[in-house]
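Please look through the sequence and the three-dimensional view shown here before reading on. The report that follows moves from a few working terms to the whole chain, and then to selected places within the chain.

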Amino acid sequence: MSTIEEIARNMKESSAEMAASDVEKRNRALVMIGDSLREHAEEIFKMNDRDMEAAASNGVAEAVVKRLKFDGHKLDDVCAGLDMLRKLPDPLGRVTMNRDLDEGLNLQRITCPIGVIGVIFEARPDALVQIASLCVKSGNCAILKGGKETVNTNRILFRLIHDSVVKAGLPEGCLNQAESHAEIDELLKCDKYVDLLIPRGSNAFVRYIMDNTKIPVMGHADGICHIYVDEDCDQEMAIRVILDAKTQYTAACNAVETLLVHKNIAKEFLPKLAKALTDENVKMRGTTDVAGAVDGDTVELITENDFDTEYLALTVGVKTVEDLDEAIRHINIHGSHHTDSIITNDDEKAARFMQMVDSAGVYHNCSTRFSDGFRYGFGAEVGISTGKIHARGPVGLAGLTTYKYKLYGHGQIVGDYATGKKKFHHVEKQ
């Protein structure tokens, strides 16, 4: 059995062939993956049942269990994502700059794959399909490590995906699945062969990855998302948006965790909000003024330090603020720079919020749950990046590409330009 280092080394060699593959072949692989998943649906569901039963018997947290399920609905979703991804333009070979440095000396900047990517993701089987398909479409090779809680589901999904990719004519070594936890530490040492790591998981896990590898790391640790309810808002709309952001998929990283409410509407709005949350079994944790505005028994008192919490459960923190600027300050201090939303009818306030909040996604009058590669039309995503270099927000095809410069000449030498014999004219070409 090959070690992770051997796999990564061989994959590095395959990455050139993968990068040069034509888009028709990559799209054909996506079609074949979807067909194979549907054809073997019952086998997949059977393996997923095993994982679900094991999780139940091992006392896995409810927030995690929700992510484990792979049923007909999830199958439909991933197949729709595959179809959307197939229809997207080829992200490779795009000319993003075309410039004549001089007559007969043409410089082009061309998009290309990153190369070899290691993705370590949480126990969510649909993530494996999304990540693998994005890497295929973007011409990247990938080592995939899913959560141990879905080992059986991941194993059959990967086999079906890999078989489809090879049958479509892509390199056999372009995808590999790691299963043991020990292989993660092996992967972290493969800086000669792996170009990028994308970890998805807890803050502690992502920090561990960053602290124990020389490989560049892209991703996010927490999803502490906010909704600020301004005094100039449609309160019914605010409640509808909040309920969606909190309850539509509680365990997601783009679910809202903190609500900020303008003090001028607190006495009117908070009781209505409390009732709506209680009806959906959402527990409120709030400051003393929040508790004073509603039935105190329904609010668990919290302090400022508690606003650094990602619940991933039917719990939400609530705080009143003096004004828009305090809301912005709170978000920039306590948020994770993921996704934050303002509910207001004042377009000027919305514009200021969206300019000043330092997050990958800033929204006006809509749910934070829209922060998603599929909903953005990316087909899927390998994760959400809260960093500012290379990729930010949902990372789809564009985030999995980089670029190279191609210079076409006719025997030119730098010496002629250094001596003044020739001069650059730097003319942009259409």
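A residue is called buried when its relative accessible area is under 20%, exposed when it is over 50%, and partly exposed in between, with a 1.4 Å probe and protein chains only. By this rule tyrosine 405, at 47% relative accessibility, counts as partly exposed.

This is a predicted model, in which local features need pLDDT of at least 70 and side-chain atom pairs count only at pLDDT 80 or more, while totals for chains, interfaces and linings use all residues. Residues are numbered from 1 along each chain as its sequence is written, and side-chain values use heavy atoms, with hydrogens and water left out.

**The chain as a whole**

The protein chain holds 15 helices and 17 strands, where helices (H or I, at least four residues) and strands (E, at least two) are DSSP runs numbered from the N terminus. Its radius of gyration is 25 Å, close to the 22 Å that the globule rule gives for 430 residues, so the chain is as compact as a globular protein of that length; the radius is taken over C-alpha atoms, and the rule is 2.2 Å times the number of residues to the power 0.38. Along the principal axes, the C-alpha atoms fill a box of roughly 80 × 60 × 40 Å. Buried residues make up 53% of the 430 residues. Contact means heavy atoms within 4.5 Å, and among contacts between residues at least 6 apart in sequence, 72% join residues at least 24 apart.

**The nonpolar cores**

In soluble globular proteins, nonpolar side chains tend to be buried together. A nonpolar core is here a set of buried Ala, Val, Leu, Ile, Met, Phe, Trp, Tyr and Cys residues joined through side-chain atoms within 4.5 Å. The largest such core has 67 residues, of which Leu37, Val165 and Leu175 touch the most other members. Helix α6 (residues 125-137) gives the most to this core, with eight residues. Leaving aside neighbours within four places in sequence, leucine 37 is in contact with Ile44, Leu75, Val78, Leu82, Val129, Leu157 and Leu160. A second, separate core of 30 residues includes Ala238, Val241, Val256 and Ala274.

**Buried places in helices and a loop**

Which residues of helix α9 (residues 203-211) are buried? They are Phe205, Val206 and Ile209, and seen down the axis of α9 they fall within an arc of 95°, so they line one face of the helix; the arc is that of the directions from the helix axis to the C-beta atoms. These buried residues pack against β3 (116-120), α8 (182-188) and β6 (196-199), whereas the face of α9 turned away from the buried side carries the exposed residues Ala204 and Asp211.

Serine 14 has its place in helix α1 (residues 4-20) and counts as buried, at 15% relative accessibility. Apart from neighbours within four places in sequence, serine 14 is in contact with Cys141, Pro171 and Gly173.

Glycine 139, in the loop between α6 and β4 (141-145), is buried at 1% relative accessibility. Not counting residues up to four places away in sequence, glycine 139 touches Met18, Ala19, Arg26, Leu92 and Pro113. Glycine 139 and isoleucine 114 are 25 residues apart in sequence and 8.4 Å apart in space, C-alpha to C-alpha.

**Aromatic rings**

Rings of Phe, Tyr and Trp (its six-membered ring) pair if their centres lie within 6.5 Å, and planes under 30 degrees apart count as stacked, over 60 as edge-to-face and the rest as tilted. By this rule the count comes to three aromatic pairs, including the two in the table.

| Aromatic pair | Distance between centres | Angle between planes | Kind |
|---|---|---|---|
| Tyrosine 376 and phenylalanine 378 | 5.6 Å | 85° | edge-to-face |
| Tyrosine 403 and tyrosine 405 | 5.7 Å | 80° | edge-to-face |

Tyrosine 376 is partly exposed, with a relative accessible area of 34%, and phenylalanine 378 is partly exposed at 29%. Tyrosine 403 is likewise partly exposed, at 46%. Arginine 109 lies over the face of tyrosine 403, at 5.5 Å from the ring centre; a charge sits over a ring if NZ of Lys or CZ of Arg is within 6 Å of the ring centre and within 35 degrees of the ring normal.
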